[in-house]
Amino acid sequence: MRRLAAALAVALTLVTVASRAEADQTAPGFSTSYQRIPGAGGTELGAVVLTPTGQGDGPFPLVVMPSSWGVPNVEYVGQGTKLATAGFQVISYSSRGFWDSGGGIDIAGPPTVADVSKVIDWAAAHTPADTSRVAAVGISYGAGTSLLASAQDPRIKAVGAMSGWADLIGSLNPNRTVALQSVAGLLALGNITGRPGPEMSSLQTKFVTGDFDGAIAEAEQLSPQRSAATMVDQINAKKPAVFLANAFEDSIFPPSQYTDFFTRLTGPKRLLLAHGDHATPEVTGAIGLPNETWDELAAWLRHYLTGADNGADAEAPVQLKSQRGVWRDYPDWAAVGQPRTSYLTKPTGLTRTGSLQPQSSTGWTSGIAAGVPTIADSGVALVSGALQGLLSIPTGVVTPLVDRSFAGVWSGPVYTSGAVVNGTPTLHVTVKPSGSNTSLFAYLCDVDALGVGSLISHKPLTLRDATPGKAVPIDVRLEATSWEVPAGHHLVLVVDTVDPRYLGRSVIGTSVTFSSPTGDPSWISIPVAT
């Protein structure tokens with residue numbers, strides 16, 4: 001893998017040199033070289049170095065770009081060439097443990113984070129970079145690494161973190177429910193494209209042998225040191241300008257952990273959310289194709305690294321793109337939607353469907369059998385969200401076919417003039433499991449008069465070591481969204497106990513009883529744009 005990645009970088013260098021030889025040498029351009037950069041502990045990192053040409057002798061602001069999980073250093077070369085042509089010194093490198101870089105995969109551990117600073121040190125000695133003006137930019141693993149590095153290195157004045165994480169355990173084990181498909185995919189890709197370090201080896205051994213509780217406990221110990229949310233005070237003290245972007249349907253690092261982190265930042269900040277799965281909103285831009293996320297980020301870097309008066313600091317801090325392609329701007333996350341509370345009523349009648357109504361409804365109970373899947377689910381990791389984002393094909397749902405023996409279903413009123421669900425829906429409901437371990441999956445759907453429609457948002461929650469037969473109130477924050485509900489459609493809430501994307505704990509033969517006790521009614525809050 002090291003030889004293949006190095007060969008790709010050398011080939012890129014030859015092509016670039018040949019093309020630049022034909023160009024006017026006085027025109028803004030760039031030169032390309034492949035370098036072995038000593039990282040933390042002397043571990044060599046394979047890097048593509050893009051240096052501005054025809055733009056004076058510098059010094060140039062520096063953009064350091066750690067690669068995504070399983071992706072080599074050529075990942076950002078398309079975008080890197082644009083940045084270098086615009087006067088930025090760019091270094092794109094394979095993250096520690098992957099491809100042509102040495103060391104082992106430590107899951108964004110201290111050596112991986114320290115590598116960013118070592119690359120900055122190397123740039124100061126070997127390139128015309130101005131290391132007092134540095135940006136750390138990345139997608140996915142590179143995004144998480146960049147955020148963590150900004151907490152440690154005061155030279156980093158700007159961050160571009162796309163499709164990354166701020167809360168590692170909250171992303172991969174949301175509400176104590178392992179994102180099974182995503183974790184399995186990450187482990188497989190890591191083994192194919194890299195060399196697992198001790199941390200990853202230990203985790204995957206427990207995972208593949210079925211010791212899920214052991215793997216979760218170990219991951220919970222590793223997570224704080226690897227989560228920017230833990231280090232938000234250090235980041236705020238250094239005040240880098242933080243640019244965050246993510247997809248609403250991201251199946252690896254879902255958006256709500258980013259919105260929580262964004263809210264806690266006190267320095268210059270921007271949040272862009274659009275529909276799609278992991279990295280789909282920005283992947284085309286990484287290879288140099290037109291891309292609105294990268295365009296916004298490039299302007300962000302120009303302003304905060306060069307002082308360009310381009311208005312990047314005056315744009316709305318929060319920008320959301322609906323599934324119909326409409327961008328809406330907001331001054332902060334709290335302003336994206338006005339919460340509207342609807343109360344759950346007892347599922348009754350031939351359809352065993354409850355309603356979502358403005359008046360409180362208490363004193364009812366309704367039970368379902370657990371451990372049996374229904375046709376309601378969140379789709380396939382990395383596939384369903386990509387179909388939504390790239391082709392506007394949503395995760396479909398036919399609510400009349402959801403078996404009410406195994407799911408609670410509640411239907412809201414028809415929107416006569418449409419609505420925009422904008423923000424983070426929240427469900428509060430009292431449940432009584434008959435087993436000690438039960439997983440619940442809440443789905444919010446946009447459906448037509450026949451009950452056919454699309455999944456808007458979802459969230460899992462697992463009750464561990466619960467007292468069988470004891471009712472407990474739970475709160476489930478579904479994932480953030482920006483979804484235009486057409487006139488004539490209505491919302492439907494479905495809660496069941498199995499979803500193939502997750503490691504569920506529900507057991508066949510157990511049950512769950514929903515209720516709305518007096519004094520603590522069950523409700524769902526839907527944020528609606530006004």
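Which residues of helix 12 are buried? They are Thr293, Trp294, Leu297, Ala298, Ala299, Trp300, Leu301, His303 and Leu305. The model is predicted. The chain has 13 helices and 24 strands.

**Overall fold**

- The chain has 530 residues, and a compact globule of that length would have a radius of gyration near 24 Å. The chain has 24 Å, so the value agrees with the globule rule.
- The C-alpha trace spans about 80 × 50 × 40 Å along its principal axes.
- Of the 530 residues, 58% count as buried.
- Take the contacts between residues at least 6 apart in sequence: 77% of them join residues at least 24 apart.

**Helix 12 and its ends**

- Helix 12 covers residues 292-306, which makes 15 residues.
- At 1.5 Å a residue, helix 12 should span 21 Å. The expected span counts one less than the number of residues. The end C-alpha atoms of helix 12 are 21 Å apart, so the model agrees with the expectation.
- The N-terminal end of helix 12 is capped by Asn291. A side-chain oxygen of Asn291 lies 3.0 Å from the backbone nitrogen of Thr293.
- Thr293 is also one of the buried residues of helix 12.

- Strand 9 covers residues 318-321, and strand 10 covers residues 327-330.
- The two strands run antiparallel and are joined by four bridges.
- Lys321 stands opposite Trp327 of strand 10.
- Five residues separate strand 9 from strand 10 in this hairpin.
- Gly325 sits in the turn, with a positive phi of about 85 degrees.

**Salt bridges**

- Side chains of opposite charge can pair when their charged atoms come close.
- The chain's salt bridge count comes to 16.
- Asp115 pairs with Arg96, and their closest N and O atoms are 2.8 Å apart. Asp115 lies in helix 3 (residues 110-126), while Arg96 lies in the loop between strand 4 (89-93) and helix 3. The pair therefore ties together parts that are 19 residues apart in sequence. Both Asp115 and Arg96 are buried.
- Glu218 and Lys206 form a salt bridge with an N to O distance of 2.8 Å. Glu218 belongs to helix 8 (residues 212-222) and Lys206 to helix 7 (residues 198-208), so the pair ties together parts that are 12 residues apart in sequence.
- Is Glu218 buried or exposed? Glu218 is buried, because its relative accessible area is 17% and the cut-off for buried is under 20%. Lys206 is partly exposed at 23%.
- Asp260 and Arg477 meet in a salt bridge at 3.0 Å, N to O. This pair links distant parts of the chain, 217 residues apart. Asp260 is in helix 10 (residues 256-264), and Arg477 is in strand 20 (residues 472-477).
- Asp260 counts as partly exposed, with 34% relative accessibility. Arg477 also counts as partly exposed, with 37%.

**Ser457 in strand 19**

- Ser457 has its place in strand 19 (residues 452-463).
- Why does Ser457 count as buried? Its relative accessible area is 5%, and buried means under 20%.
- A polar atom of the Ser457 side chain lies 2.6 Å from the backbone oxygen of Glu479.
- Beyond residues up to four places away in sequence, Ser457 touches Ala442, Tyr443, Leu444, Leu478 and Glu479.

**Val48 in strand 2**

- Val48 lies in strand 2 (residues 44-53).
- Val48 is buried, with a relative accessible area of 1%.
- Val48 and Val472 are 424 residues apart in sequence. In space, their C-alpha atoms are 55 Å apart.

Methods:
Residues numbered from 1 in each chain as written. Predicted model: local features only at pLDDT ≥ 70, side-chain atom pairs only at ≥ 80, totals over all residues. Heavy atoms only, no water. Buried < 20%, exposed > 50% of the residue type's maximum accessible area, 1.4 Å probe, protein only. Polar contact = N/O pair within 3.5 Å; in protein donor to acceptor, adjacent residues only side chain to side chain. Pairing = 2+ DSSP bridges. Salt bridge = Lys/Arg side-chain N within 4 Å of Asp/Glu carboxyl O. Rg over C-alpha atoms; globule rule 2.2 N^0.38 Å. Contact = heavy atoms within 4.5 Å.
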